[in-house]
Amino acid sequence: MPREIPLFDALIPTLLLILIGSALIYVLVDQLLRDVDWDRFVWHPALFRFALFVILFSGLGLWWYS
């Protein structure tokens, strides 16, 4: 599994692509959670959103490198 992906003669780290992918998934999941009005179920909404992004990023990274 390559650690870098060539893109227009520049090597792009795969973690950057995983970061972009997890950010896109995070935006979709966060929008769905806003529609459900999830704020009343969590203690600290900003901390919950940050933890959600960390879980998505870590999960995609572990999936890609395993």
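View 1. L16, L17, L19, I20 and L24 make a nonpolar surface patch of about 430 Å². In such a patch, residues have over 30% relative accessible area and no salt bridge, and nonpolar side chains (Val, Leu, Ile, Met, Phe, Trp, Tyr) are joined within 5 Å, whereas like charges are joined within 9 Å. Accessible areas come from the Shrake-Rupley method with a 1.4 Å probe, and for residues only the protein chains shown count as cover. This is a predicted model, in which local features need pLDDT of at least 70 and side-chain atom pairs count only at pLDDT 80 or more, while totals for chains, interfaces and linings use all residues. Residues are numbered from 1 along each chain as its sequence is written, and side-chain values use heavy atoms, leaving out hydrogens and water. I20 lies in helix α1 (residues 14–36); helices are DSSP runs (H or I, at least four residues), numbered from the N terminus. With a relative accessible area of 45%, I20 is partly exposed, a class between buried (under 20%) and exposed (over 50%).

View 2. Helix α2 (residues 45–65) has 21 residues and reaches 30 Å from its first C-alpha to its last, close to the 30 Å expected at 1.5 Å a residue. The expected span is 1.5 Å times one less than the number of residues. L52, L56 and G61 are buried in α2. Seen down the helix axis, the buried residues of α2 fall within an arc of 155°, so they line one face; the arc is that of the directions from the axis to the C-beta atoms. The exposed residues F50, I55 and L62 are carried on the face of α2 turned away from its buried side.

**View 3. Salt bridges around D30.** A salt bridge is a side-chain nitrogen of Lys or Arg within 4 Å of a carboxyl oxygen of Asp or Glu. D30 forms one with R34, the closest N and O atoms being 3.4 Å apart. Both residues lie in helix α1, four residues apart, about one turn of the helix. D30 is buried, with a relative accessible area of 5%, whereas R34 is partly exposed at 46%. R49 also forms a salt bridge with D30, with the closest N and O atoms 2.9 Å apart. This pair links distant parts of the chain, R49 in helix α2 and D30 in helix α1, 19 residues apart.

Key
Helix = DSSP H or I, 4+ residues; strand = E, 2+ residues; numbered from the N terminus. Buried < 20%, exposed > 50% of the residue type's maximum accessible area, 1.4 Å probe, protein only.
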